[in-house]
Amino acid sequence: MAHENASSRRPLLGFRPRLWPTLISLPMIIVMLFLGGWQLQRLAWKEGLIERLESRMYDAPIAPPAASVDIDDAEFRRVRAEGRFLNDQEMFLTGRPEKGTVGLHVVTPFVTGDGRTLLVNRGWIPDDRRDPAKRPNSQPEGTVTIEGIVRKPGLRNAFTPDNEPARNIWFYVDVAEMAAKAGVTDVPPYYIDALRDTQSRMELPIGADPQIGLRNEHLQYALTWFFMAIGLIVVYVVWHRGVEKEERDAVK
């Protein structure tokens, strides 16, 4: 009868949770499940972003939007404009490697035929070609036609340093700061990533690839976190059952 009473008091899982293993494992499991769920949210966001990017990038180019445009409605729109670059006002986005080579992105004010001024990220140059004299023909004179993608400025993370306008050192696009540095006004609250001409010889600066693709590995990340949580649960249960078995064997 005593044996039956002991059996009736045994937890349904076949073990009695121990304090320290539970205090250590339970928060880790919760964090892993949270991170897996967060990655699923990121997956939905990224899929929507890719769909929006593709639907807008491959439409026929339009004129650059007005300054009053809603950035979310304009981002990734393909645009085309005629005008001239203010080459003496080049600015450089640092920390932009290309295929393992340290480099910069050249951002230049562009005055359109109707008198508006836009900021254009013309593309990548090696770090040692900052001086225009070291990259002949990289500053077109007169009226030119550009084609590019509208981009939202100010994208940075917690590790992105502050811009240093006085030293012409930029880590991210800040339209207001860059416009002030270049001495131009009434600049729309976006910038344009100029696209490279895939039919011509690659010249500096190297513009953005027209076939822009975004990595989307959030599902793999989510599954990794969920499997890690499941694995830890299995280890937790197996360890406790092993301890329970050892204790029962010791009593016999």
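The dialogue below goes through a pocket, salt bridges and a surface patch.

Author: This is a predicted model, in which local features need pLDDT of at least 70 and side-chain atom pairs count only at pLDDT 80 or more, while totals for chains, interfaces and linings use all residues. Residues are numbered from 1 along each chain as its sequence is written, and side-chain values use heavy atoms, with hydrogens and water left out.

Reader: How much space lies in the largest pocket?

Author: Rolling a probe the size of a water molecule over the atoms shows where empty space is left. On a 1 Å grid over the protein atoms alone, a pocket is an open set of points where a 1.4 Å probe fits, with protein on both sides within 12 Å along at least five of seven lines. A volume is the space filled by probe spheres set on the points, which are joined across faces, edges and corners. Here the largest pocket holds about 1100 Å³.

Reader: Which residues of the lining lie nearest the centre of the largest pocket?

Author: Lining residues have an atom within 4 Å of a point. There are 39 of them, and Arg-96, His-105, Arg-151, Tyr-191 and Asp-193 lie nearest the centre. Helices (H or I, at least four residues) and strands (E, at least two) are DSSP runs numbered from the N terminus. Helix 2 gives the largest share of the lining, five residues.

Reader: How many salt bridges are there?

Author: A salt bridge is a side-chain nitrogen of Lys or Arg within 4 Å of a carboxyl oxygen of Asp or Glu. By this rule the count is nine. One of them joins Asp-193 to Arg-151, with the closest N and O atoms 3.1 Å apart. Asp-193 belongs to strand 6 and Arg-151 to strand 5, so the pair ties together parts 42 residues apart in sequence.

Reader: Are Asp-193 and Arg-151 buried or exposed?

Author: Buried means under 20% relative accessible area, exposed over 50%, and partly exposed in between (1.4 Å probe, protein chains only). Both Asp-193 and Arg-151 are buried. In another salt bridge, Asp-162 meets Arg-156 at 3.1 Å, N to O; Asp-162 is exposed at 54%, and Arg-156 is partly exposed at 40%.

Reader: Which residues make the nonpolar surface patch?

Author: Such a patch joins nonpolar side chains (Val, Leu, Ile, Met, Phe, Trp, Tyr) within 5 Å, from residues with over 30% relative accessible area and no salt bridge. Accessible areas come from the Shrake-Rupley method with a 1.4 Å probe, and for residues only the protein chains shown count as cover. Leu-40, Leu-219, Leu-223, Phe-227, Ile-230, Val-234 and Val-238 make a patch of about 650 Å². Helix 5 (residues 218-251) gives six residues, the largest share.

Conventions
Patches are made of residues with over 30% relative accessible area and no salt bridge: like charges are joined within 9 Å, nonpolar side chains (Val, Leu, Ile, Met, Phe, Trp, Tyr) within 5 Å.
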